[in-house]
Structures are given as C-alpha cells and as structure tokens.
Amino acid sequence: MNPITTNNIDQYEGKTVTLSGWLVHKRSSGKVRFLVVRDGTGIAQVTLVKAEMDEEHFERYHSLTLESSLMVTGIVKKDDRAPGGYEILASQLNILQIAEEYPIAEKEHGVGFLLDHRHLWLRSSKQHAVLRVRHTVIQTARRFFDDRGFILLDAPIMTPVACEGTTTLFETDYFEEQKAYLSQSGQLYMEAGAMAFRKVYCCGPTFRAEKSKTRRHLTEFWMIEPEVAFAGLPDIMELAESLIVTIVKEVLSSNREDLRTLERDVSKLEMIESPFESISYDRAVRILRNEGVPFERGNDFGGGDETLISDQFEKPVFIHRYPASSKPFYMKNDPEKSSVVLCMDLLAPEGYGEIIGGSAREEDVELLSQKLSNAGLSPEAFSWYLDLRKYGSVPHAGFGMGIERTVAWICGIPHVRETIPFPRLLQRLYP
RNA sequence: UCCCCAGUAGCUCAGUUGGCAGAGCAAGUGGCUGUUAACCACUGGGUCCGCGGUUCGAGUCCGUGCUGGGGAGCCA
C-alpha cells in the first residue's frame with residue numbers, strides 16, 4: 001500500500017502517488033474541478049483538469065457526493081492556492097462508494113442533532129482536533145507514570161459494592177441473585193496494588209448515575225488514578241502538579257495545529273508552570289465571602305463557587321484540607337486538626353472546575369472501621385479493604401485525574417461531551 | 001426532583017394583531033479552465049412535536065403530554 005497521507009504529502013513533490021480518503025468538499029469551474037479530500041490525517045486538494053486526464057475519470061466528478069470514499073492517482077505539486085500548500089493533479093479518479101446524502105453540512109447544526117450523529121460528527125475537523133488532544137493527554141499521562149516506575153494495574157469495572165451510597169451507582173445483574181455495580185473509581189483496588197507494587201496507577205472508564213445536567217458531567221468518564229505507598233499529601237500534590245505541567249507542555253508541542261483549529265488562546269496554557277498556588281479550604285471560604293457569596297463553612301464547593309475561586313488565579317490552584325464531614329470515609333484526618341482531612345482538589349483555571357481530587361488514606365484499621373460505620377457502610381462488605389490495614393499497613397496517598405475535564409480545559413471548549421468519542425449523558429445512550 | 005428556553009423543509013431559523021407555509025444552506029439540473037463556505041440560473045422538497053380546547057378561522061392563544069437544550073440541586 002502506498003504510504004502517502006496528507007500529513008506527509010510534502011515529501012512526495014513531483015512524484016506520482018495514490019491518495020485514499022473521503023470527499024469533504026467539491027467545487028467546479030467548468031473544465032477545472034477541485035476536490036478536497038480527507039484521509040484521516042488531514043486534508044488535501046485534488047485538481048481535476050479536463051485536458052490532463054481521460055474523459056471517463058474526469059466525469060466521475062459529477063457522481064461524487066459528500067463523504068464518498070475514493071482513491072485518486074496523480075502528481076503532487078506545490079501550489080500556494082491549495083490549502084496546505086500542496087495539491088494532487090489527478091490522472092485517475094476511482095470511486096469506492098458513493099455516499100448517500102450526508103446529514104452533516106459544513107455549518108450550522110444544533111447540539112442534539114450533532115450528538116445523534118456522533119458517529120459521523122467525529123469526522124469533522126474540530127472534533128478531530130479535540131480527540132487528538134485527548135490522545136496526547138492520555139498517552140502523556142501514562143508515559144509520565146511509566147517513566148516514574150509506576151505499574152499499570154487495571155481495576156475491575158464490575159464491582160460488588162458501593163464506595164458511597166447506592167444512589168449514584170449503575171446496577172446490573174450478575175448471574176443468579178447477585179448484583180454487580182459499575183465502578184465509580186479504581187481507587188480502593190489501587191490501594192491494594194500500592195501495597196503490592198509500591199507505585200501503581202489505573203486508567204479507565206468510571207460510571208456515575210448522577211442526574212447531573214451540566215457542562216462538566218458525563219455518566220461515563222475516564223480517570224487516571226495513581227496510588228503511592230509511603231507517601232503523604234505533599235507528595236501527591238507535587239506529583240499532580242508535575243503531571244499537569246507535563247501534559248500541558250506536551251499538548252503545546254504535539255498539538256499546535258489542533259489548538260489552532262480550536263482557536264484556543266495558547267498564551268493561557270503557556271503560563272502553566274510550577275509552582276501552583278495551594279490554599280486551604282478555610283482560605284477558599286474567605287475568598288468566596290470576599291466575593292459576596294454567603295457560603296456555609298462545612299459544605300463542599302458548587303460549580304459556581306469553584307469558578308469564583310479559580311478566577312483568582314491564572315494557573316491551576318490546589319485547595320486542601322476540607323472538612324471531614326464533606327468527604328468520603330477513606331480519607332485520613334489531619335493529625336493537627338481532626339475536623340479536616342488530608343485531601344486536595346486541583347481546580348483548573350477559566351472555570352473548568354475540579355480536574356484532580358486526591359488524599360492521604362486512613363491507614364489505621366480501627367479508625368478506618370469507625371469511619372466506615374459512621375458513613376453507614378458495612379465493614380463486612382469492605383473486609384478485603386480492611387485487610388490492607390492488617391497486613392503491613394503504611395501511610396499512602398493517591399489521586400484521580402478526570403480525563404474529559406482536563407481535555408476540555410486544555411482545548412478551551414465549553415462542554416465535556418465533545419472530549420470523549422461517544423459521550424454518555426443523562427438523556428443519551430446513543431449512538 | 002426543580003427552574004428557564006426551544007420543537008416549522010434534510011439542517012439552521014424567520015413567521016407581524018389569530019387570516020394563502022417562508023428564507024439561507026443542503027439536494028437535483030444546466031453554465032463556467034484556478035476554486036477556497038466559489039459563483040450564476042432554474043427545479044423539487046412540509047404530519048408547523050402529539051393530544052385536547054377556544055374561535056367563522058390556530059404555526060400563532062389556552063391546557064396537557066413527549067422530546068431536546070441550558071441551569072440548579074446532586075457530584076471521592
């Protein structure tokens with residue numbers, strides 16, 4: 001197969017090549033006709049000149065519809081009039097399939113329509129750019145942990161029990177008389193992994209049956225979750241900061257063209273460097289009150305609160321030591337102030353909200369059992385988890401980074417639904 | 001679960017005081033030897049979301065249901 005693609009066409013100037021792809025657009029000026037062909041890596045213009053090719057191939061232009069698949073053979077020429085600077089002067093035009101009338105036009109579609117056609121929408125340039133950034137984000141995050149000696153340890157998707165209440169869990173039958181729940185987090189399993197391998201991470205989908213209809217929520221979303229033995233809150237904050245800086249730098253270097261397609265203001269990304277600011281929950285509450293928000297101490301922050309706080313900073317900002325009452329059972333209380341837990345959230349700038357959440361984990365079996373009971377959970381169901389504290393318990397900590405929110409922030413797009421190939425939303429399970 | 005907005009051609013929308021169903025794009029036909037969302041001419045295209053009501057007459061007003069969107073709550 002000929003290796004030419006539109007992203008390496010410059011290497012073939014003057015040579016005869018065969019390009020395979022799909023028709024994005026066509027224009028005619030009579031005896032000169034133009035095809036814009038998409039091949040998955042980019043686009044290229046193909047020129048059909050009546051005098052340069054035989055009649056039969058030239059006339060195939062008429063039957064071509066939007067998104068028809070084709071193979072075109074011709075000479076690569078440099079031409080400033082062509083998008084990308086190169087075009088193919090065709091000698092042959094072969095059609096693989098004539099597409100039916102393509103539903104997605106070149107402009108003007110509503111969100112509902114586009115989501116109904118997500119399987120086709122993926123072909124458009126903006127979606128292409130977002131999902132290429134997503135690829136870089138995941139690849140860079142995984143490489144980041146691999147390079148630091150972490151072991152990739154996959155967590156199960158089907159789990160026997162809820163971390164929290166069952167109201168936000170998707171439930172499914174598991175053979176006779178058993179229920180399984182779709183995982184909300186790989187964390188508890190990563191804690192087991194950290195006791196086995198010291199440093200581990202998982203990367204996969206998580207599921208929350210929350211009836212949230214906001215730009216920051218999906219019912220199925222991806223997290224990358226590292227867990228580290230012999231580590232405390234400061235260690236994972238440093239790790240999280242370094243991860244974000246590394247990801248942003250890599251996207252800026254690998255996805256310049258995509259960011260341009262998305263019209264992202266890259267100057268806002270270029271200033272993402274260490275160190276990030278780190279403020280306590282108490283100070284965040286003071287910021288809100290200074291902004292005139294009648295915030296009640298002890299609550300968790302809402303979406304609007306997070307935006308107000310992050311707007312005070314140009315870089316991502318850590319908020320640490322939330323009230324224990326607002327956080328889950330496994331977080332370790334601050335020995336210096338038992339009413340708060342050793343946790344942190346990282347808020348992205350520009351109102352994108354929490355992209356990372358993590359904590360030191362309670363390592364004492366008695367305290368952990370107590371916290372489980374206080375949360376209304378049965379210690380029996382978590383017997384395996386309590387075992388981790390009975391057999392060589394050590395201080396450990398970890399966090400989870402939400403892939404979609406991170407991608408949305410980096411791309412500067414308003415809604416997370418475009419940052420995953422096939423979004424699952426409150427009212428949407430198709431396609 | 002609550003609040004707000006919308007539903008009219010394949011798509012995006014307009015539709016006046018309640019009085020003949022409209023535009024742009026897309027599609028089809030023809031024209032044009034360098035187009036860039038090309039352009040020009042012509043053509044076809046409607047369950048006005050469903051149900052009920054008011055009225056001589058409803059896309060328009062009222063009630064109700066459904067669907068979608070935005071937001072709140074919720075959200076390790």
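Me: Before we look at anything, what is a nonpolar core here?
Reply: A nonpolar core is a set of buried Ala, Val, Leu, Ile, Met, Phe, Trp, Tyr and Cys residues joined through side-chain atoms within 4.5 Å. Please keep in mind that this is a predicted model.

Me: OK, which residues touch the most other members in the largest core?
Reply: In the largest nonpolar core, which has 62 residues, I244, M401 and W409 touch the most other members. Helix α6, residues 233–254, supplies the largest share of this core, with 12 residues.

Me: What does W409 touch, leaving out residues up to four places away in sequence?
Reply: With those left out, W409 touches I244, V248, R264, L269, I272, P316, A348, P349, E350, Y352 and I355.

Me: And which residues are in the second core?
Reply: The second core is separate and has 29 residues, among them L188, L288, F329 and V365.

Me: Switching topic, how is chain A divided into domains?
Reply: The domain assignment gives domain 1 as 6–97 and domain 2 as 115–419, and the C-alpha centres of domain 1 and domain 2 lie 46 Å apart.

Me: Now R33, is that buried or exposed?
Reply: R33 has 7% relative accessibility and therefore counts as buried; its place is in strand β2, residues 32–38.

Me: What does the side chain of R33 reach?
Reply: The R33 side chain reaches the backbone oxygen of F58 at 3.2 Å, and a polar contact of 3.3 Å joins the side chains of R33 and H62. Apart from neighbours within four places in sequence, the residues in contact with R33 include R27, V46, L48, E59 and Y61.

Me: In what order do the strands of the open sheet with β7 come?
Reply: The order is β7-β9-β8, and the pairing of these 3 strands is antiparallel. β7 (158–159) and β8 (171–173) stand at the edges with a single partner strand each, so one side of each has no neighbour in the sheet.

Me: How many bridges join β8 to β9?
Reply: There are 3 bridges between β8 and β9, the latter covering residues 179–182, and T172 stands opposite A180 in β9.

Me: What about phi of F175?
Reply: Phi of F175 is near 55°, a positive value in a residue other than glycine. F175 is found in the loop between β8 and β9, and at 67% relative accessibility F175 counts as exposed.

Me: And E67, buried or exposed?
Reply: E67 counts as buried, at 10% relative accessibility, and the phi of E67, near 75°, is also positive.

Me: Last one, which residues does the cis peptide bond with omega about -5° join?
Reply: That cis peptide bond joins S274 and P275, and P275 is found in the loop between α8 (267–270) and β12 (277–280).

Note on methods
Residues are numbered from 1 along each chain as its sequence is written. Chains are lettered from A and ligands numbered from 1 in the order in which they are written. This is a predicted model: local features need pLDDT of at least 70, side-chain atom pairs count only at pLDDT 80 or more; totals for chains, interfaces and linings use all residues. Side-chain values use heavy atoms; hydrogens and water are left out. Domain bounds come from an automatic or database domain assignment. Two strands pair if DSSP finds at least two bridges between them. Helices (H or I, at least four residues) and strands (E, at least two) are DSSP runs, numbered from the N terminus. Buried means under 20% relative accessible area, exposed over 50%, partly exposed in between (1.4 Å probe, protein chains only). Contact means heavy atoms within 4.5 Å. A polar contact is a pair of N or O atoms within 3.5 Å; within protein, one must be able to donate a hydrogen and the other to accept it, and residues adjacent in sequence count only if both atoms are side-chain atoms.
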